[in-house]
Structure formats: C-alpha cells, structure tokens
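Some labels in a structure description rest on a number set against a cut-off. The questions below ask how such labels are reached.

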Amino acid sequence: DKLSKAHHKYACSEYLTILPMMEQHCGYNSKGLPQVRDISKFLHDRTGFRIRPVAGLLSSRDFLNGLAFRVFFSTQYIRHSSKPLYTPEPDICHE
C-alpha cells in the first residue's frame, strides 16, 4: 500500500496510464509477481519490444545491440519482500 501511494504521488503520467493495463494483462498486483513471459508479450503487442532474461550484467555493446533489435535484456532477480523499497543490486523492478 505504501508503494502504491508513492506511485500516485511521484510516478509520471505514462506509468499511471499503463499500470492498470499491466494489472489486467500481466498479473501485476500486491499478492503475486507477474511472469516475464506475460510482461514480454504485453510489451511486444504494444511496442514491438521483447524482454529476454539474462543471468547477470551485459556489456554496454551487447545491451545496446539488443535494443537495436527491439530486445530488452532483464535480470529475473527480485528484491526480498522484507525490504520492498531497497535492493543493493539491480532487479526486475528497476528494469
């Protein structure tokens, strides 16, 4: 609930517009985690981009090359629920 309130206070209008659609089509909610394949399908249907999971950091060259082909590389790591507002390393919430 704290994060939802922050979204409405600080998030840009584009995020606030797309969030209800992602809740409907990707399973975004406070009780579960959406699957990367569902997010990727949603993203592809609207933008032509796909998400491709990676295990770690990529070089800038590899990451940018993916973008040229409408592929967004993303980790599958998710922050622990005991600290939802902080993680020491990039996670899928950042991406």
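Q: Why is F63 called partly exposed?
A: In this predicted model, F63 has a relative accessibility of 28%; buried would require under 20% and exposed over 50%, so F63 falls in between and counts as partly exposed.

Q: Why is F72 called partly exposed?
A: The relative accessible area of F72 is 24%, and because a buried residue must lie under 20% and an exposed one over 50%, F72 is partly exposed.

Q: What makes the rings of F63 and F72 an edge-to-face pair?
A: Their centres are 5.6 Å apart, and rings pair if their centres lie within 6.5 Å; their planes stand at 80 degrees, and an angle over 60 counts as edge-to-face, so the pair is edge-to-face. A search of the whole structure finds 1 aromatic pair.

Q: What is noted about the phi of R70, and where does R70 lie?
A: The phi of R70 is near 60 degrees, which is a positive value in a residue other than glycine, whereas most residues other than glycine have a negative phi. R70 is placed in the loop between helix 4 (60-68) and strand 2 (71-74), and with a relative accessible area of 41% R70 is partly exposed.

Q: Which residues make up the largest nonpolar core, and which helix gives the most to this core?
A: The largest nonpolar core has 6 residues in all, namely M22, C26, V36, I39, F42 and I51. Helix 2 (13-26) and helix 3 (36-47) each supply at least two residues of this core, and helix 3 gives the most, with 3 residues.

How values were computed:
Residues are numbered from 1 along each chain as its sequence is written. This is a predicted model: local features need pLDDT of at least 70, side-chain atom pairs count only at pLDDT 80 or more; totals for chains, interfaces and linings use all residues. Side-chain values use heavy atoms; hydrogens and water are left out. Rings of Phe, Tyr and Trp (its six-membered ring) pair if their centres lie within 6.5 Å; planes under 30 degrees apart count as stacked, over 60 as edge-to-face and the rest as tilted. Buried means under 20% relative accessible area, exposed over 50%, partly exposed in between (1.4 Å probe, protein chains only). Helices (H or I, at least four residues) and strands (E, at least two) are DSSP runs, numbered from the N terminus. A nonpolar core is a set of buried Ala, Val, Leu, Ile, Met, Phe, Trp, Tyr and Cys residues joined through side-chain atoms within 4.5 Å.
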